[in-house]
Amino acid sequence: DFPNDITFTIEATSPDPIEEIRVFFRPAGSGNSTYGYLDIEPGTVVKGKHVMATGSGSTHRPPGTVVSYFFEILDAEGRELRTEEEDFLYIDESLEWKSITEGILTVYYYGDFVEKRARTVLEAAQATMEDMGDVLGISPTEPITLVSYSNYRDMTRGLPFRSQAVSEG
């Protein structure tokens with residue numbers, strides 16, 4: 001539900017009643033994960049969901065964030081199952097995104113006739129990484145995602161909330 005939240009859902013079955021399901025999530029490449037409990041009715045067949053707020057303040061996630069997640073399922077016998085970790089791109093799904101990638105950089109863009117602009121953004125990001133990498137003595141290895149909007153109106157949906165007074169300022 002961009003830009004408000006991300007809903008994690010799961011359906012699980014077990015010969016013994018499932019008592020608890022947690023979802024662990026983090027921005028991809030980050031070691032800091034958080035978790036939430038899914039709302040379930042214990043049983044041998046369960047459906048559950050957890051809603052992670054993403055809209056404002058400390059919960060804000062910018063468009064283009066790659067989120068890694070997995071589930072841990074605990075049954076009545078104390079057995080625990082951990083699902084494979086998966087990634088997904090948190091982005092405004094009301095727009096039809098395309099992407100171009102070179103090395104660790106990926107630029108997401110949408111609309112007709114804007115691939116040239118996306119390539120310009122990609123080239124500028126590559127040049128900045130080279131120039132600043134030398135200055136800072138770093139060489140990024142994790143994927144970097146850039147989101148290129150065609151106009152400010154579309155972009156405002158992905159920005160954190162700001163009051164009218166702050167926006168006018």
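What percentage of the 169 residues in the protein is buried? Buried residues, meaning those under 20% relative accessible area with a 1.4 Å probe and protein chains only, make up 34% of the 169. This is a predicted model, in which local features need pLDDT of at least 70, side-chain atom pairs count only at pLDDT 80 or more, and totals for chains, interfaces and linings use all residues. Residues are numbered from 1 along each chain as its sequence is written, and side-chain values use heavy atoms, with hydrogens and water left out.

**Overall form**

- The protein contains three helices and nine strands, where helices (H or I, at least four residues) and strands (E, at least two) are DSSP runs numbered from the N terminus.
- Their order along the sequence is β-β-β-β-β-β-β-β-α-β-α-α.
- The radius of gyration, taken over C-alpha atoms, is 20 Å, whereas a compact globule of 169 residues would have one near 15 Å; the globule rule is 2.2 Å times the number of residues to the power 0.38.
- The C-alpha trace spans about 55 × 40 × 30 Å along its principal axes.
- Of the contacts (heavy atoms within 4.5 Å) between residues at least 6 apart in sequence, 60% join residues at least 24 apart.

**Nonpolar cores**

- A nonpolar core is a set of buried Ala, Val, Leu, Ile, Met, Phe, Trp, Tyr and Cys residues joined through side-chain atoms within 4.5 Å.
- The largest such core has 24 residues, and Phe8, Ile21 and Phe71 touch the most other members.
- Two or more residues of this core come from each of β1 (5-27), β3 (43-53), β4 (65-75) and β8 (105-110).
- Strand β1 provides the largest share, eight residues.
- Leaving aside residues up to four places away in sequence, Phe8 touches a set that includes Val23, Phe25, Leu38, Met52, Tyr69, Phe71 and Phe88.
- A second, separate core has eight residues, among them Leu105, Tyr109, Val114 and Ala125.

**Backbone particulars**

- Phenylalanine 2 and proline 3 are joined by a cis peptide bond, with omega about 5 degrees.
- Proline 3 belongs to the segment before β1.
- Phenylalanine 113, in the loop between β8 and α1 (115-136), has a positive phi near 65 degrees although it is not glycine.
- The relative accessible area of phenylalanine 113 is 84%, so this residue is exposed, a term that applies over 50%.
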